[in-house]
Amino acid sequence: MSSTPNSPGDGNGTPLLALRGINKSFGAVAALMDIDLEVSAGEVVAIVGDNGAGKSTLVKVLSGVHAPDSGTIAFEGSDVTIPTPMAALHLGIATVFQDLALCDNLTVVDNLFLGREISPLRLNEVEMETRSWELLKQLSAKIPSLRTQVASLSGGQRQTVAIARSLLGDPKIVILDEPTAALGVAQTAEVLNLVERLRERGHGVIMISHNMADVKAVADRVAVLRLGRNNGVFNVSDVSAEDVIAAITGATDNVVSRRSAARGAPGASTPSEENQAQ
Amino acid sequence: MNSKTAPTPQIRPLDLQDERLQDRTGLKGQLKAFVDRTRSGDLGVLPVVAGLVVIWAVLQTLNPIFLSSANLVNLAMESSAVGIIALGIVGVLLVAQIDLSVGSVSGLSAAVVAVTVVNLGWPVWLAVLATVALGAAIGWVYGQIFNRFGVPSFVITLAGLLGFLGLQLYVLGAKGSINLPFDSALVYFAQLAFVPPWLSYVLVVGAAGGLFATDYLHARARRTAGLSSMPLQSMIPRSALLLLVLGFVVWYLNQTRGVGWMFVFFIALILAMNYLLKRTKWGRSVYAVGGNAEAARRAGINVKAVYTSVLVTCSTLAAVGGLLAAARLAAANQGSGGGDVNLNAIAAAVIGGTSLFGGRGSAFSALLGIVVIQSISSGLTLLNLDSSFRFMVTGVVLLLAVMLDSVSRRSRTSHGRA
Ligand SMILES: Nc1ncnc2c1ncn2[C@@H]1O[C@H](COP(=O)(O)OP(=O)(O)OP(=O)(O)O)[C@@H](O)[C@H]1O
Ligand SMILES: [Mg+2]
C-alpha cells in the first residue's frame, strides 16, 4: 500500500480514475496482485517498475485489452467495467501501447483515424489528411509522407504516430506505455511538453517509463510496481531518484546504488532511511 | 518551413514539405513512382495483365476463333457468375480468412431457386429474395461459429462445403435436376438480355466522365485544403485512356451480340464493392483486420462484426452467383456449383492479386482473375481439350499466382511495405 500518506486527489474530491484491489494472472503467473491506483484530472502519474513488474499488464487492464480477474475500477466516481478497447475509448481512456498497435498495411492517415474515420459512409480523406498534418506538426513528427504505409516508418516515427492517434479522440485520460523509449532528443522533449500540456488542459495522464529523468521532469506522483504488487506511491517533489530505485528493486543496497557507489558518483550512495515498504 | 533553399517559387503543398521527398508529380513523376512501387514488390495488377496478354496470345495462335467477338461475348457472360462468387472471396481473403463452401452454397441456391420457381410456383422476385436471404443467413451462421468458438474459418466452411452439398441434393429430390422455364425472367437475363449498342456507348462515356469528375472534385478539394493534388495534365489522359479502352472493348463486342446485362451487373457489383472497400469506414476496418487484427481491436473496431459482415457478404454473393449460373444453364442439377466452381472462384481472387495473407487486394482482382481463368477454360474447350487439361493448366496458373504473392510479400517486407 502507499507508504507516503499524501492526498492524491489534490483536494478536488473524487479522482478521475480509481483502481481498487486489481488482480490479474496469466495461468500460473500472477502478473498483478491487489493493485491500487488513483489518477486525478490534471495530474500526471508515473508508473515505474522493473521489467516484468506488471506495468504493461496494468495498462492493458485499463484499456480493455485484458479483463482483470478481480478488483474494481471507478471512473469519475462510478464503478465501471472495461470489457473491450472500444469501451475504454468510449469512457475517454486513450492508450499508447508498448507493443505498438498499428496496422502495417495501412497508411499513416488511415492508422491515425482508424476506428474514428470522418464521415463513415463517404470517407473524408482530405479532412483526415490535413488534420493529421496539423497534429503531427504539433508533435514535431519527422514523417516525410502520410500516404506511405506504416510498415516503412522508423521505430520512433511509429511511436509518434501511435501517440498522435491517442490524442485524436480528445480523451480524459491518456495512458502512455514507455512513450519515449524509441524517440530522438527533440521528439522526447516534445512528448514531455505534450504531457505537460495535457495536464494543463485538465487531462489525467498515466505514464510508464524506465527513465527517471523523464519521470522527475513531468510526473506529479510516481507509483512503484514490484513483482506485480504496489510498492509505494511517492510525491515526485519530495522523493529522490534513489528512493524510487530502492522501491523498484526492493532494497537500498541494490545493483544500481552499488554501481554508482563503486564509480564514486556524487549523491548516489546515501541510503535513505524511509520508504522501505514491505 | 525550410526556407534554406532559396529558389522556391511557390509555397509547397502541406504534404510535400519534407525535403527528403523526391518529386513525384506530373506524368514523369507518376511513372517513376510506379517503377518504385513495382520494384519494391508492390506489383499491383501488372502480373495479371501480363499473364493475360501471354495467355491470349498463345490461345489466339492455337485457335484464331479465340479472340473473335462472338467468343469474347460468350467469355464475358461465362465469367459473370463465378466472378461474382470470387468477389465475395476477395472480401474474405482481405481479412485473412477463407470460405471453401462457396461452390456448395451457390449450388444450393441454384437448387432453391429452381424448386421455389418451378415446383412451388413462387414469383421469380420472391424466389430470388429468398435465395439471397438464405445465402446471407449461411454467412451469418459461419460468423457466429467463427467468433464464438474460434474454429478456423477453413474448417467451418469445409463442413459447410459438405453439408450444403447434401442439402442441395436433398432439395433437388429424387429427380436430381430441375429445368427452369425458358420464358422466365431469370433465364432471359442470363442468356438473352444484351445492352443496346447506343446504351453501351453511353455507359462507356459515363464511366470515363465519372472517373474524370471524381478525379477533378477530389483534386479540387485537396487543393483548397492546401494538399498536393493531381494536375489536370494527368487527369485527362487517365480518363481518355479509360474511354478508349472501354470504347474499343464495347465496340468489338457489339460486332456480334454485344455486352450482356449480366456482365454489366457483375461490373456494377465490383464497382459497389470497390466503393465499400476503399471509401467507407467498413472497408477501412476490413483492411485493418486483415493487416493486424489485434491493432484493429485496440483501435476500437468491432473485429467480430467485421468477420461476420465479410462472411455474410461472401455467402450472399455466392448465392447470387449460383442463382445466375442456374439461370444461364436454365437448370439446376446435382452438378450445380460442383466441379471446379469452388476452386475457380478462390483461384480467381488470388490470381487477380488479392493476397492470401490478408490486408491486400481489391475488388477488381475478381474481374481480372476470372477473365484469366475463363480464358483458359474457353481456349482449351475451343481446342477440343477436355477438362483434364483445363484443371492442369488452371492449377499451374494458380500455383504461379500464389508463388508470386509470397515472393512479392517477402520483397515488400524488405522494402518497408506491408
Ligand atoms: N499475454 C500474456 N500471457 C502470459 N503472460 C503474460 C502476458 N502478458 C504479460 N505476461 C506476464 O506478466 C508479467 C508482467 O508483464 P508486463 O508486460 O506487464 O511487464 P512490464 O512491467 O510491462 O515489463 P517491461 O518493463 O519489460 O515492459 C510478466 O511476467 C509477463 O511474462
Ligand atoms: Mg511493459
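The model is predicted.

**Stop 1: the magnesium ion**

Select ligand 2, the magnesium ion. Ser56(A) sits in helix α1, residues 55–62 of chain A, while Gln98(A) sits in the loop between β6 (93–96) and α3 (108–112), so the pair ties together parts 42 residues apart in sequence.

Is Ser56(A) buried or exposed? Ser56(A) is buried, with a relative accessible area of 19%; the cut-off for buried is under 20%. Gln98(A) is partly exposed, at 39%.

**Stop 2: the two domains of chain A**

Colour chain A by domain. Domain 1 takes residues 1–92, 173–178 and 203–278. Domain 2 takes residues 94–170. Their contact uses 14 residues from domain 1 and 11 residues from domain 2.

Look along the boundary. The two domains of chain A bury about 980 Å² between them, and carbon and sulfur atoms give 51% of that area. How many salt bridges cross this interface? The count is 0. Polar contacts are found there, however: 6 residue pairs, both residues at pLDDT 80 or more.

Select α1 and β7 (173–177) of chain A. These are the elements that give two or more residues to the domain 1 side of the contact with domain 2. The largest share of that side comes from β7(A), with 5 residues. Helix α1 links back to the first stop, as Ser56(A) lies in it.

**Stop 3: chain A against chain B**

Show both chains. The contact takes 37 residues from chain A and 36 residues from chain B. About 3200 Å² is buried between the chains, 59% of it on carbon and sulfur atoms. Pick out Asn105(A), Val126(A) and Pro144(A). In chain A, these three lose the most area to chain B, together 16% of what that side buries.

Now look for charged pairs. There are 4 salt bridges between chain A and chain B. One to display is Glu117(A) with Lys281(B), where the side chains meet at 3.9 Å, N to O.

Finish with the helices. On the chain A side, α2 (85–91) and α4 (125–138) are the elements that give two or more residues to the contact with chain B. Which element gives the largest share of that side? It is α4(A), with 6 residues.

Notes
Residues are numbered from 1 along each chain as its sequence is written. Chains are lettered from A and ligands numbered from 1 in the order in which they are written. This is a predicted model: local features need pLDDT of at least 70, side-chain atom pairs count only at pLDDT 80 or more; totals for chains, interfaces and linings use all residues. Side-chain values use heavy atoms; hydrogens and water are left out. Donors are N, O and S atoms within 2.8 Å of the metal (3.2 Å for Na, K and Ca); water is not among the atoms, so sites may look incomplete. Helices (H or I, at least four residues) and strands (E, at least two) are DSSP runs, numbered from the N terminus. Buried means under 20% relative accessible area, exposed over 50%, partly exposed in between (1.4 Å probe, protein chains only). Domain bounds come from an automatic or database domain assignment. Contact means heavy atoms within 4.5 Å. Buried area is the accessible area (1.4 Å probe) that two parts lose on being put together, summed over both. A polar contact is a pair of N or O atoms within 3.5 Å; within protein, one must be able to donate a hydrogen and the other to accept it, and residues adjacent in sequence count only if both atoms are side-chain atoms.
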